[in-house]
Amino acid sequence: MIVDRRWRVTLRSFALGYLALLLLIPVGMVFYRTFEHGAMAVFDSVTTPAAISAFWLTITVTLIAVPLNTIFGVLCALALARGRFRGKALLDATIDLPFAVSPVVIGLALVLVYGRGGWLDGLPFQVIFAVPGIVLATIFVSVPFVVREVTPVLREIGDDQEQAASTLGANRWQTFWRITLPAIRWGVAYGIILSVARCIGEFGAVSVVSGRISGETETLTLLVEERFQNFDVAGAYAASALLAIIALGTLLAMTRINPRRDDE
Amino acid sequence: MIAVRDVRKSFGDFVALNDVSLEIPDGSLTSLLGPSGSGKSTLLRIIAGLEEPDKGTVEIHGSDATQVPPQRRGIGFVFQHYAAFKHMTVRDNVAFGMKIRKQPKQRIQERVDELLEVVGLAGYQQRYPNQLSGGQRQRMALARALAVEPRVLLLDEPFGALDAKVRAELREWLRRLHDEVHVTTVLVTHDQEEAMVVSDHIAVMDKGRIEQVGGPVELYDRPRNRFVMSFLGPVSKVGEDLVRPHDIAISLTPEDGARQATVSRIVHLGFEARVELEVEGEGTVAAQMTRAEADHLELVERAVVWVRATGRTAVPA
């Protein structure tokens, strides 16, 4: 199709302008304001005990939630794309629940189940206002990503290759590792990127269940908000920048091991 | 020998196979021929173990294989759409089954090279499937299936996705390959010409049943019913009989049992001539003869002639 040159330039300017206005300028401003008073101030601000604790809590929660959701996501996608069972439509719909329900509501729901007087109150360790609650909330909100990335890929590749592998003597396990997983790897990788982003960025559900004990149950996003509320704007910016850097780091790491998506 | 006994398979309300029994002799190349929906692919997949029959048994080389998973049936399977492992090179595709069986590296390497030579893909070891043409992919898939030295080779419309010229080449090639390798082969196809060219035996299927089993010539000359007759070649209807167009005799004078007809069109196709006739009260009948016969009769359009079926192959209603 031949597109008028002027039209093409307009289209491109619009797309870039839109991105700049809504994404690049605000994120850029965070970095600008962060480093306004020099790198030392930033360094001091992100190395306070509260900040270090928040940083490690965020990392820990992400490192628990993402692998679990990846394993669950791939299994669930296999069940949805390959399985024939009763309740498949229900499972399919349930997967999207975390997208449909507001994170704050998810947090409250967890409090109702695991909190004082809740249904599962009698557990030997504390869930609500403690790290397990934060992990649960984070897993909950990031469940759909891997499933939703992998299912369409599985449907598209079909099961011909898997059947071929079985006629060549491969058992289910061998077929999964040698045929299915390599075929869906870009879908899995992209699902992981989205999950990581969601896990480190989650605020609503975590804020309800965490109790915000500084140095103990405060994640990076909660720290940002706490500093912002306490008029420590520079500190809030510094913590935000740290969050942004983790996110960008994940994105870069994934694009490194995931050089081309269009190889099929 | 592969023996299928009283196999039944339904998908929901649809009966794909209706108590089918079939014996496939060792070392033969047998085709399952039929229109789509006739159950031929389902039967092949049941022999492979990719589908489980609702009832009935499958015996491969004397032992009951009905409950044996595809991994342990000693089969090679070739799919219509190649089922190439896209993330592997041609070498790794062909080596897959041998690697699963943990054969020594040296042996795998030699066998892969040897097989690629056989299927005409020598030198393509490092290519990926998306760098091959459809015909090359299917030959790779065949090498992959043969690599595990199957007792039975099962081909599910292997040339169906290829264009006509490549298809004709590959079917000749498959026949030559079979004459060299002698592995018991079952080919599913809806193309009667393909079945006639490559097979020792053909099982004609329709609506989940086997209509007739026999050699190509036998089926063509002595079809058991109208379905087999019309599926294996062109037919014309004279009265209530189905006959081959080359079994219609035309004469210029009235004969016993002949019907009066008018020549509506004459088409010359090189060696042969096709004559379309309007039979009184019955509609159009196509007859086929050599150019010499047509010239001898001095047929012209609108001429009034008499036609009758001479055929050995006439099937009554």
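This is a predicted model: local features need pLDDT of at least 70, side-chain atom pairs count only at pLDDT 80 or more; totals for chains, interfaces and linings use all residues.
Two strands count as paired here if DSSP finds at least two bridges between them.

Individual pairs can be picked out on both sides. How much of E8(B) is buried? The strand is mostly covered, with 6 of its 6 residues buried. That holds for both faces: B:Thr184, B:Val186 and B:Val188 point one way, B:Thr185, B:Leu187 and B:Thr189 point the other way, and all are buried.

B:Glu149 sits in the loop between helix H4 (134–147) and E7 of chain B, and its phi is near 50°, a positive value in a residue other than glycine. Is B:Glu149 buried, exposed or partly exposed? With 13 other C-beta atoms within 10 Å, B:Glu149 is partly exposed; the cut-off for exposed is 12 or fewer.

Chain B also has an open sheet built from 4 strands, in the order E2-E1-E4-E5, with antiparallel pairing. Strand E2 (14–24) and strand E5 (63–64) of chain B are the edge strands; each has a single partner strand, so one side of each is left without a neighbour in the sheet. Further in, strand E1 (residues 2–11) and strand E4 (residues 55–60) of chain B are joined in the antiparallel sense by 5 bridges, and one of the pairs is B:Arg8 with B:Lys55 of E4(B). Helix H1 (residues 40–48) of chain B packs on this sheet, touching E1, E2 and E4 of chain B, and its direction makes about 120° with that of E1(B).

Stepping back to the whole of chain B, the secondary structure comes to 9 helices and 17 strands. The C-alpha atoms fill a box of roughly 80 × 45 × 30 Å along the principal axes. Of the 317 residues in chain B, 42% are buried. Among contacts in chain B with a separation of 6 or more, 64% are between residues 24 or more positions apart.

Where the two chains meet, 19 residues of chain B are in contact with 15 residues of chain A. On the chain B side, strand E6 (75–78) and helix H2 (90–100) each supply at least two of the residues that touch chain A. By class, that side of chain B has 11 nonpolar, 5 polar and 3 charged residues.

Chain A has 13 helices and 0 strands. Its C-alpha trace spans about 65 × 65 × 30 Å along the principal axes. Buried residues account for 35% of the 264 residues in chain A. For contacts in chain A with a separation of 6 or more, the share from residues 24 or more positions apart is 74%.

The axes of helix H9 (residues 160–167) and helix H10 (residues 172–201) of chain A come within 10 Å and cross at roughly 160°. That makes H9(A) roughly antiparallel to H10(A), the cut-off being over 145 degrees. The crossing of H9(A) past H10(A) is right-handed. H9(A) brings A:Gln161, A:Glu162, A:Ala165 and A:Ser166 to the contact, while H10(A) brings A:Thr175, A:Arg178, A:Ile179, A:Thr180 and A:Ala183. These residues divide into 3 nonpolar, 4 polar and 2 charged.

Chain A has a positive phi to report too. A:Phe129 is not a glycine, yet its phi is positive at about 65°. A:Phe129 is found in the loop between helix H6 (103–114) and helix H7 (131–142) of chain A. Is A:Phe129 buried or exposed? A:Phe129 has 20 other C-beta atoms within 10 Å and is therefore buried, since the cut-off for buried is 20 or more.

Conventions:
Residues are numbered from 1 along each chain as its sequence is written. Chains are lettered from A and ligands numbered from 1 in the order in which they are written. Two residues are in contact if their C-beta atoms, placed from the backbone, lie within 7 Å. Axes are lines fitted to C-alpha atoms, for helices over the stretch in contact, and angles run from 0 to 180 degrees between N-to-C directions. Ala, Val, Leu, Ile, Met, Phe, Trp, Tyr, Cys and Pro count as nonpolar, Asp, Glu, Lys and Arg as charged, and the others, Gly among them, as polar. Angles under 35 degrees count as roughly parallel, over 145 as roughly antiparallel, 65 to 115 as roughly perpendicular and the rest as oblique. A crossing is left-handed if the near helix is turned anticlockwise from the far one by less than a right angle, and right-handed if clockwise.
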